[in-house]
Structures are given as structure tokens and as C-alpha cells.
Amino acid sequence: MIELHDVSVRYPGANTDALSIKSLSFKQGDFICVLGKSGAGKSTFIRCLNGLQRPSSGEIYLADNQITAISTGELRKARREMGMIFQHFNLIPRLTVMQNVLTGTFGYRSSFKNLIGWFSRDEIEQAKQIISDVGLSEMANRKVENLSGGQKQRVGIARAMLQQPKVMLGDEPVSSLDPGTSSHIFKLLKELHLRLGLLTVINVHDVELARRFATRIIALKDGKVIFDSIPEHFSTEA
Ligand code: ADP
Ligand code: ADP
């Protein structure tokens with residue numbers, strides 16, 4: 001589903017590569033946690049996968065698309081196959097849960113007045129279902145700014161899911177949440193992964209979460225893969 005070949009990223013002015021990957025391939029059944037200390041390249045890696053960062057060299061394939069060699073317009077289309085969740089949620093605080101979820105697929109609208117009016121009944125029904133799937137039915141019309149961190153990330157997940165993605169990417173999606181909440185969010189992601197066969201790739205710095213939920217752990221150090229195997233083989237020494 002995703003393949004990387006000789007991918008490197010070097011930021012302007014740096015004299016080493018922030019990321020340097022020989023070869024990796026991910027399949028649909030993978031629930032991957034990417035581990036590594038701060039600065040290891042985790043975020044750069046995830047950003048390459050969804051095309052937010054163009055590698056300095058190398059090739060990345062998403063299904064049959066070489067996302068490293070397509071135009072910005074095509075990339076935007078390819079990106080719809082990927083849901084993305086973030087550490088700071090990237091929601092619009094003054095809009096409701098429903099409005100935030102709907103903006104996912106259809107993009108940022110120039111005016112948020114009567115935003116709901118811009119969507120078809122079908123779109124709204126679909127959003128309702130997804131909001132219910134993430135356990136937020138009661139909150140659909142609440143403003144996001146009034147929700148807890150865990151609830152905000154559920155909104156983030158619902159927004160990503162509305163696109164019916166084939167891949168779910170997460171850049172430290174639980175790093176600003178307490179351990180109990182983090183584990184609930186991972187349970188939800190795992191459930192979606194299993195139910196929909198969603199290839200999932202998530203950065204975490206909590207080794208225990210990775211051990212509990214991942215089918216495969218990838219550890220990065222100085223931009224390189226230093227471990228890639230099942231959680232049972234992972235030791236914290238790396
Ligand atoms: P992680 O997510 O594991 O903390 P990052 O991918 O953010 O790691 O960073 C990897 C390396 O690239 C670090 O040395 C970091 O300082 C550097 N880096 C990240 N983003 C940029 C940027 N936009 N410009 C220059 N250097 C960057
Ligand atoms: P969670 O509540 O899911 O554990 P956090 O750890 O981020 O998420 O939140 C800690 C507490 O702070 C929560 O109990 C929540 O009630 C409160 N809180 C978080 N964000 C807000 C907010 N924007 N407005 C009011 N209360 C908040």
C-alpha cells in the first residue's frame with residue numbers, strides 16, 4: 001500500500017539528513033507505531049508519507065501513485081486517501097463538532113456563517129454516523145473549544161474518517177493527552193483499523209502504547225531505521 005525507496009530529507013542549511021530510509025513497505029494489515037526520541041525524524045517521516053514534505057531524493061508510492069513525482073493538484077487528490085491526525089488536533093475551536101468534521105472532506109470554507117447549510121443531507125448523515133462511531137453523539141453541536149483534549153482528538157479522528165481514507169496517519173496524536181485518555185484514543189484507532197482494514201501509521205513517544213497496540217514497531221534514530229519488527233522483539237535499549 002505504501003512503499004519508500006532511498007528516501008532522504010535534508011533541510012536547508014543542515015549538514016546531515018533529517019531522514020534517510022533505504023526501503024520500507026507497509027501493507028493494509030499494519031498498525032505501525034513509529035518510536036524515537038525528539039529529533040529522530042518521526043515527524044519528517046509522517047509528513048513525507050502524506051506529501052506535506054517532499055523528500056530531497058527517493059521515491060514514495062501510495063498504492064499505484066508515486067506521490068514524490070506528481071503535481072500539486074494530483075497530490076491533493078492522493079492525499080484524500082489519507083486521514084491525518086495531529087498533536088494539537090488542528091481543529092477550528094469556535095466551530096461545533098459537526099462543523100469541524102464536515103470541513104475535513106470539503107475543505108476550509110471562506111465563510112462559516114450557516115456552514116451547515118452548505119452541505120447536503122447525505123453529507124450530514126454520514127458525518128453524524130462517524131461522530132457516533134467515535135463516541136461523540138451527544139456532543140455533535142457543541143463547540144470544540146469546550147471539549148476535553150481526548151474529545152478533541154476524537155473529533156480529529158472523525159474528521160479524518162469522513163474522507164473514507166485507506167490510510168490513517170498520526171503525528172504524535174496523543175502527546176498532549178494524559179495516559180488514560182491516550183489509551184482510549186489508541187483503542188479507538190485500533191478498532192477502526194480492524195473494522196475497516198485501515199493501514200495505520202502513528203508516531204508516539206510512549207513505548208508502552210506502542211507495545212500494546214502496534215502490529216509492527218519502527219524505531220528511528222538520527223533519521224534512520226534502527227528497529228523494524230513485531231513489538232515482542234522490541235527492547236528499550238535502542
Ligand atoms: P521528531 O518528530 O522525531 O522529533 P523531526 O522530524 O521533527 O523529529 O526532526 C528531525 C530533524 O530535522 C531534527 O534534527 C530537526 O531539528 C530537524 N528539522 C525538523 N523540521 C525542520 C525544519 N522545518 N527545518 C529545519 N530543520 C528541521
Ligand atoms: P481528557 O479530559 O480527555 O483527559 P485533557 O487531559 O486534555 O483531556 O484534559 C484535562 C481536563 O481539562 C479535562 O478533564 C477537561 O475537562 C479539561 N479541559 C481540557 N480542555 C478544555 C477546554 N478547552 N475547556 C475546558 N476544559 C478543558
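User: Which residue lies over the face of phenylalanine 31?
Analyst: This is a predicted model. A charge counts as over a ring only if its atom is within 6 Å of the ring centre, among other criteria. The distance here is 5.1 Å from the ring centre of phenylalanine 31, and the residue is lysine 190.

User: Which residues do ring pairs link into a cluster?
Analyst: The search of the whole structure finds four aromatic pairs. Ring pairs build a cluster from Phe31, Phe186 and Phe213.

User: Are the rings of phenylalanine 227 and phenylalanine 234 stacked or edge-to-face?
Analyst: Their centres are 4.9 Å apart. Planes over 60 degrees apart count as edge-to-face. The planes of phenylalanine 227 and phenylalanine 234 stand at 80°, so the pair is edge-to-face.

User: Is phenylalanine 234 buried or exposed?
Analyst: Buried means under 20% relative accessible area. Phenylalanine 227 has 15% and is buried. Phenylalanine 234 has 9% relative accessibility, so phenylalanine 234 is buried.

User: What is the distance from a polar side-chain atom of threonine 44 to an oxygen atom of ligand 1?
Analyst: Backbone contacts to oxygen of ligand 1 include a polar atom of glycine 39 at 2.7 Å and one of lysine 37 at 3.5 Å. For the side chain of threonine 44, the distance is 2.5 Å.

User: How much of ligand 1 does the protein bury?
Analyst: The residues around ligand 1 include Tyr11, Ala18 and Lys42. The shell divides into three nonpolar, five polar and two charged residues. Taken alone, ligand 1 exposes 560 Å², and the share buried by the protein is 53%.

Conventions: Residues are numbered from 1 along each chain as its sequence is written. Chains are lettered from A and ligands numbered from 1 in the order in which they are written. This is a predicted model: local features need pLDDT of at least 70, side-chain atom pairs count only at pLDDT 80 or more; totals for chains, interfaces and linings use all residues. Side-chain values use heavy atoms; hydrogens and water are left out. Rings of Phe, Tyr and Trp (its six-membered ring) pair if their centres lie within 6.5 Å; planes under 30 degrees apart count as stacked, over 60 as edge-to-face and the rest as tilted. Buried means under 20% relative accessible area, exposed over 50%, partly exposed in between (1.4 Å probe, protein chains only). A charge sits over a ring if NZ of Lys or CZ of Arg is within 6 Å of the ring centre and within 35 degrees of the ring normal. A residue is near a molecule or strand if one of its heavy atoms lies within 4 Å of it. A polar contact is a pair of N or O atoms within 3.5 Å; within protein, one must be able to donate a hydrogen and the other to accept it, and residues adjacent in sequence count only if both atoms are side-chain atoms. Accessible areas come from the Shrake-Rupley method with a 1.4 Å probe; for residues, only the protein chains shown count as cover. Ala, Val, Leu, Ile, Met, Phe, Trp, Tyr, Cys and Pro count as nonpolar, Asp, Glu, Lys and Arg as charged, and the others, Gly among them, as polar.
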